[in-house]
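My notes on both come after it.

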Amino acid sequence: MAENAAFVAGDAAAAAGPVVLRAPTADDLTALSVLGIAAFVHKFADLYRPQDLLPFLTETYTEAALAPEIADPAKLYRVAEQDGVLVGWCKVGLTCGFPDHARGRRVMELKQLYTAPRATGQGLGRQLMDWAMGEFAARGADEVQISVWSGNPGAQRFYQRYGFAKVADITFRVGSQLDDEFLFARML
């Protein structure tokens, strides 16, 4: 686990072996926590005051927060492991997260897709997204929704390559701060 923590925090050299996608276990909680915090902080920390960011990270990415999440039958997780190190994860919600904007009858949600900061751009996002889209199709989704920060054009382009388009303006709360987000969706 210490090796996982060092890598996702950015202290280790990039791994070189094949990526294996698998379901997470309780043994992965420490690495998932470190990866979630590292990925979120790397991309978004400068947007928030510490009094907003720190409670959010605790509520969302600690082992105590993640344990019931990976056990929840209404959510599916897949981790990306490379050379024994977790380098990414994807979280799928089997229920609709934004029913006011749903167009389908069986709407599901891509809740999170994270890669370790030093692993970004290596195709991990594509592998995780391909897995998620396969799960949506296999489980009968007719629409998929994704919340994307309005200031993240790279993520928006990534999801557009999968056929997603903006369908609504929404918000995302971190502490007392409300961020402008875009709800992207795609009919299947």
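The numbered points below begin with how the model should be read and then turn to the two topics.

1. This is a predicted model, in which local features need pLDDT of at least 70 and side-chain atom pairs count only at pLDDT 80 or more, while totals for chains, interfaces and linings use all residues. Residues are numbered from 1 along each chain as its sequence is written, and side-chain values use heavy atoms, with hydrogens and water left out.

2. A search of the whole structure finds 14 aromatic pairs, a pair being two rings of Phe, Tyr or Trp (its six-membered ring) with centres within 6.5 Å, called stacked if the planes are under 30 degrees apart, edge-to-face if over 60 and tilted for the rest. The rings of Phe44 and Trp149 are edge-to-face, because their centres are 5.7 Å apart and their planes stand at 90°.

3. Phe44 belongs to helix H2 and Trp149 to strand E5, so this pair ties together parts 105 residues apart in sequence; helices (H or I, at least four residues) and strands (E, at least two) are DSSP runs numbered from the N terminus. Phe44 is buried at 13% relative accessibility, where buried means under 20% relative accessible area, exposed over 50% and partly exposed in between (1.4 Å probe, protein chains only).

4. The buried residues of helix H4 (residues 63-71) are Ala65, Leu66 and Glu69. The face of H4 turned away from this buried side carries the exposed residues Ala64 and Ala71.
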